[in-house]
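Visitor: I'd like to learn how to read the side-chain contacts in a model like this one. Could you walk me through it?

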Amino acid sequence: MLAITLALGLAVTLQDPVPAQDPPVAATPVEDIVVEGQRQAARERAVPYVREVLAPAMGSEVARWQTPLCAEVLNADPRVTEYMVRRLAEVGAGVGLQTGPRGCQPNVLIIMADDGPAMAREMVSTRREAFVTGASGTDRGPRQLEAFQTRADPVRWWHLSLPVDSFTGRPTVRLPGQPAANVDIDILHPSNTGSYGRSVVGSLQANTDRYDLQQVVIIVDVAAAGGTDLVALTDYVALVALSQIDPEAETAGYSTILNLFDPAAAPAPFLTDWDWAFLAGLYGDEALSSRGAGTIADVMARELTRPE
């Protein structure tokens, strides 16, 4: 069974009187300068973090959820299931994502397993199409798939993403079973791309790719995660469900829920301000129109230095 618990001086110095002086000249406000300095410092700290933790599919770029979230939790107490599904919906709503209706097809699958590696191996063996689509830019490749099955992590995850045309929503890579695109036509409008392809403007191909998350499988190892606080565990799962986090990322120097299972770091009891800023950067309008870590870091810095 998964043993999960719910975590519910002033010094005064006396000095000799100071001789009376002329009234001081009114100081020039420097608040804007201070805020700008804090924001720049936050950005300089955020850039390496974003580069460290984000791990998109091979040959792809950072993917985000565009479709409503639909979570399913297997092998857990109904109360745990209800809490985890509700919390994932809350975190998703916090960054502007919708939740699918009751009975929707799950795209976030959370599995409680007695043996995480064994469950991962069995799933990859019996449902390989759920982990490897055969299309380029959709997963992290065979080496990482092997690590997904063999690592001793308390929580492991595997994302599938898909490059799509931002105008049409159609895949821009050939999926298994699809015929070759018709390359003999002049593609002057998104509707001319057929079942897949990129939009072309004039005689130049425009990079209109958008990278969409399609599915994530998350396996919680019961033995390895036993005794973990449910609130913290659920927030950890929510973060890796919404973002392509590298399981090997070094995050001990940051205040993040990702340190939950790191004995060398102080664990956070729930998503931190840093985590929320990261998700805001990942799903913010600026980041959606850009592909760089710098843009995500810009939003993070703004969120972290926003006045209360």
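Predicted model: local features only at pLDDT ≥ 70, side-chain atom pairs only at ≥ 80, totals over all residues.

Visitor: Got it. What is a disulfide, and how many are there by the rule?

Guide: A disulfide is a covalent bond between the sulfur atoms of two cysteines. The rule used here asks for a pair of cysteine sulfur atoms within 2.5 Å. The count comes to one disulfide, and it joins Cys-70 to Cys-104, with 1.9 Å from S to S. The link of Cys-70 and Cys-104 is right-handed, with 95° about the S-S bond. It ties together distant parts of the chain, 34 residues apart: Cys-70 sits in the loop between helix H1 (31-53) and strand E1 (71-74), and Cys-104 in the loop between H2 and strand E2 (108-113). Those labels are DSSP runs numbered from the N terminus, helices being H or I with at least four residues and strands E with at least two.

Visitor: Is Cys-70 buried or exposed?

Guide: Cys-70 counts as buried because its relative accessible area is 6%. Cys-104, at 23%, is partly exposed.

Visitor: Now salt bridges. How many does the rule count?

Guide: The idea is a side-chain nitrogen of Lys or Arg within 4 Å of a carboxyl oxygen of Asp or Glu. By that rule you get ten salt bridges. One of them pairs Arg-79 with Asp-77, the closest N and O atoms being 3.1 Å apart. Arg-79 is exposed at 65% relative accessibility, while Asp-77 is partly exposed at 34%.

Visitor: Where do Arg-86 and Glu-82 lie?

Guide: Both are in helix H2 (residues 78-94), four residues apart, about one turn of the helix. Arg-86 is partly exposed at 40%, and Glu-82 is exposed at 52%.

Visitor: Which residue does Arg-306 pair with?

Guide: Arg-306 bridges to Glu-303, with 2.5 Å between the closest N and O atoms. Elsewhere, salt bridges that share partners join Arg-87, Glu-90 and Asp-235 into one network.

Definitions and conventions:
Residues numbered from 1 in each chain as written. Heavy atoms only, no water. Buried < 20%, exposed > 50% of the residue type's maximum accessible area, 1.4 Å probe, protein only.
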